[in-house]
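Me: I am new to this structure. Please walk me through how to read it.

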There are 2 protein chains.
Amino acid sequence: MAESLVDEILERNKNFAVAHRPYRFFSESQGQKRPSILIITCLDLRCNPEEFFSLLPGDAAILRVGGGRVAPLIAQIISLDCFLGSLKEIMVIHHTDCGATHMTEKRIHDHVLKEDGVTIEDATQLVLPFITDLEQSVRDDVKLLKTSRIIRRELRDHASGYLYDVKSGLVRRV
Amino acid sequence: MAESLVDEILERNKNFAVAHRPYRFFSESQGQKRPSILIITCLDLRCNPEEFFSLLPGDAAILRVGGGRVAPLIAQIISLDCFLGSLKEIMVIHHTDCGATHMTEKRIHDHVLKEDGVTIEDATQLVLPFITDLEQSVRDDVKLLKTSRIIRRELRDHASGYLYDVKSGLVRRV
């Protein structure tokens with residue numbers, strides 16, 4: 001019996017590797033389809049774009065962070081765009097019942113202020129993945145993309161926002 | 001025929017939704033297993049921890065960004081820890097042939113400097129997901145977690161680093 005879940009999943013990895021088919025390196029994948037869409041969404045298991053869009057490999061690059069908020073991802077978007085060289089559009093997708101709608105700034109600040117040596121200045125500098133209004137968070141994040149100076153013009157112009165309903169499974173444009 | 005891939009995948013979503021089984025809201029999921037591990041890794045399709053660790057729902061929360069670099073994720077880690085209340089360990093996992101090892105700072109800076117009004121100061125402020133040495137990037141990111149003042153002590157103490165080999169499928173501790 002493994003001591004912790006980490007030990008246990010490392011054991012599972014050994015079993016997985018036995019039947020693993022080696023992935024190709026980039027250098028061996030010339031001519032392979034590259035994604036034209038960048039999807040920014042939440043890490044929530046219920047909000048899985050591969051599932052709800054029936055994505056095929058190479059359709060989209062996907063960044064998943066808390067709430068699917070754009071602010072911490074600007075450098076990521078730029079690096080991906082530069083590396084892939086194939087992106088044309090960005091979709092921002094938030095979802096119903098997101099954890100970010102259940103949190104308050106105060107609760108997270110109180111959480112970090114329990115640690116030794118953390119000041120209120122440290123806490124207020126955090127860019128936290130809050131959402132108070134789901135449609136507004138999508139609009140704000142699309143606006144953040146569209147008004148960026150540093151993201152490539154084509155992506156700014158083709159940024160759009162959506163809300164995914166974890167009950168109905170439907171994605172609708174905001 | 002859809003005009004763009006975005007239109008096409010929105011059509012696919014309608015088909016998906018027909019057979020979609022509604023997910024439960026947090027308020028309907030009392031007593032459900034909550035993740036004890038936070039996994040930080042790359043968005044690369046070949047580097048899928050659900051797959052290589054045979055994860056079950058509720059085993060782990062997973063943040064996937066370019067290169068699996070920790071620096072842009074500090075606020076995310078704190079929010080998740082506060083929201084979930086169940087985390088005990090953090091695993092940082094980088095992988096062979098990562099896109100972040102194929103990029104240079106200069107290439108990304110040149111990329112953004114093509115946009116109107118972007119200065120070299122704008123470019124150098126970006127925290128880019130580079131990797132020059134895969135073992136070193138893992139060690140650096142684990143160190144960043146362990147020396148954080150603001151992340152909860154238990155998580156700092158239980159932060160560990162790994163390298164995933166996309167050829168063999170094996171994860172080894174760094």
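**Salt bridges and the interface**

Reply: Over all chains, the structure holds 32 salt bridges. A salt bridge here is a side-chain nitrogen of Lys or Arg within 4 Å of a carboxyl oxygen of Asp or Glu. The model is predicted, so local features need pLDDT of at least 70 and side-chain atom pairs count only at pLDDT 80 or more, while totals for chains, interfaces and linings use all residues. Residues are numbered from 1 along each chain as its sequence is written, chains are lettered from A and ligands numbered from 1 in the order in which they are written, and side-chain values use heavy atoms, with hydrogens and water left out.

Me: Which residue forms a salt bridge with B:Glu8?

Reply: B:Arg12 does, with the closest N and O atoms 2.8 Å apart. Helices are DSSP runs (H or I, at least four residues), numbered from the N terminus.

Me: Is B:Arg12 buried or exposed?

Reply: Buried means under 20% relative accessible area, exposed over 50%, and partly exposed in between (1.4 Å probe, protein chains only). B:Arg12 has 15%, so B:Arg12 is buried. B:Glu8 has 31% and is partly exposed.

Me: What is the partner of B:Arg46?

Reply: B:Arg46 pairs with B:Asp44, the closest N and O atoms being 2.8 Å apart. B:Arg46 counts as buried at 9% relative accessibility. B:Asp44 is buried too, at 12%. Salt bridges can also share partners: one network joins A:Glu8, A:Arg12, B:Lys33 and B:Asp59.

Me: And in chain A, what does A:Arg46 pair with?

Reply: A:Arg46 forms a salt bridge with A:Asp44, with 2.7 Å between the closest N and O atoms. Both residues are buried.

Me: How many salt bridges lie between chain A and chain B?

Reply: The count is 8. A:Arg149 forms a salt bridge with B:Asp122, the closest N and O atoms being 3.1 Å apart. On the side of chain A that touches chain B, helix H1 (residues 5–18) of chain A gives the largest share, 9 residues.

Me: What area is buried between chain A and chain B?

Reply: Interface size is often given as the accessible area lost when the parts come together. Here the loss (1.4 Å probe, summed over both parts) is about 7300 Å², and carbon and sulfur atoms give 63% of that area. In chain A, A:Tyr23, A:Ile150 and A:Lys167 lose the most area to chain B, together 9% of what that side buries.

Conventions
Buried area = accessible area lost by both parts, 1.4 Å probe. Helix = DSSP H or I, 4+ residues; strand = E, 2+ residues; numbered from the N terminus.
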